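Reader: I have a new structure open and would like to go through it. Can we start with the strands?

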Amino acid sequence: ITVILAAVIAAFVFGMAGSIETTKFVAATAQLQEGNVVVTYQGGADNKDVEWLKIFVNNGTNTVTKYVYCEKSNNQTVIGNTQPTTELSENPPEVGVKFSTPAVIGKTLVTVTAHFKDGKEQVILDKNF
């Protein structure tokens with residue numbers, strides 16, 4: 001016990017533990033509906049720190065990448081094809097925003113990445129169908 005305690009204390013003293021990053025708490029879900037995969041942003045405790053989401057879907061024959069951010073057009077969140085810029089709204093993507101695209105069972109991969117205001121990114125969904 002003394003050796004383990006000494007090692008932990010030494011790690012903090014010499015800065016070895018300084019590179020440990022905390023996990024942000026936001027989530028997305030994906031499910032199949034009538035031949036499509038539907039991705040839904042669920043939000044979470046760190047939702048206020050999310051700048052935008054990247055939704056990547058590869059169904060074996062077609063790859064779709066969409067960016068979701070809180071830019072309003074006729075009171076709806078815009079889901080665009082282009083990389084978000086610094087001109088975006090300060091608000092995070094809306095909880096409940098959905099994206100749908102065709103799925104091929106056994107060949108579809110869905111990955112959702114959240115980009116945070118501190119410049120970090122985190123995969124919040126990685127699922128195969």
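Reader: Which residue in β6 is the bridge partner of Val 39?

Author: The partner is Phe 99. One thing to keep in mind is that this is a predicted model.

Reader: How many bridges join β2 to β6?

Author: Five bridges join them, and the two strands run antiparallel.

Reader: What is the order of the strands in that open sheet?

Author: The order is β1-β2-β6, three strands with antiparallel pairing. β1 and β6 (98-102) are the edge strands, each pairing on one side only. From one strand to the next, the twist averages 20°.

Reader: Now the core. Which residues have the most contacts inside the largest nonpolar core?

Author: Val 110, Val 112 and Ile 124 do, in a core of 22 residues. The elements that give two or more residues to this core are β1, β2, β3, β4, β7 and β8.

Reader: What does Ile 124 touch, leaving out residues up to four places away in sequence?

Author: Its contacts include Val 26, Tyr 41, Leu 53 and Val 112.

Reader: Is Trp 52 buried or exposed?

Author: Trp 52 is buried, and Tyr 67 is buried too.

Reader: What sits over the ring of Phe 116?

Author: The charged end of Lys 24, at 5.3 Å from the ring centre.

Terms used
Residues are numbered from 1 along each chain as its sequence is written. This is a predicted model: local features need pLDDT of at least 70, side-chain atom pairs count only at pLDDT 80 or more; totals for chains, interfaces and linings use all residues. Side-chain values use heavy atoms; hydrogens and water are left out. Buried means under 20% relative accessible area, exposed over 50%, partly exposed in between (1.4 Å probe, protein chains only). A charge sits over a ring if NZ of Lys or CZ of Arg is within 6 Å of the ring centre and within 35 degrees of the ring normal. A nonpolar core is a set of buried Ala, Val, Leu, Ile, Met, Phe, Trp, Tyr and Cys residues joined through side-chain atoms within 4.5 Å. Helices (H or I, at least four residues) and strands (E, at least two) are DSSP runs, numbered from the N terminus. Contact means heavy atoms within 4.5 Å. Two strands pair if DSSP finds at least two bridges between them. Axes are lines fitted to C-alpha atoms, for helices over the stretch in contact, and angles run from 0 to 180 degrees between N-to-C directions.
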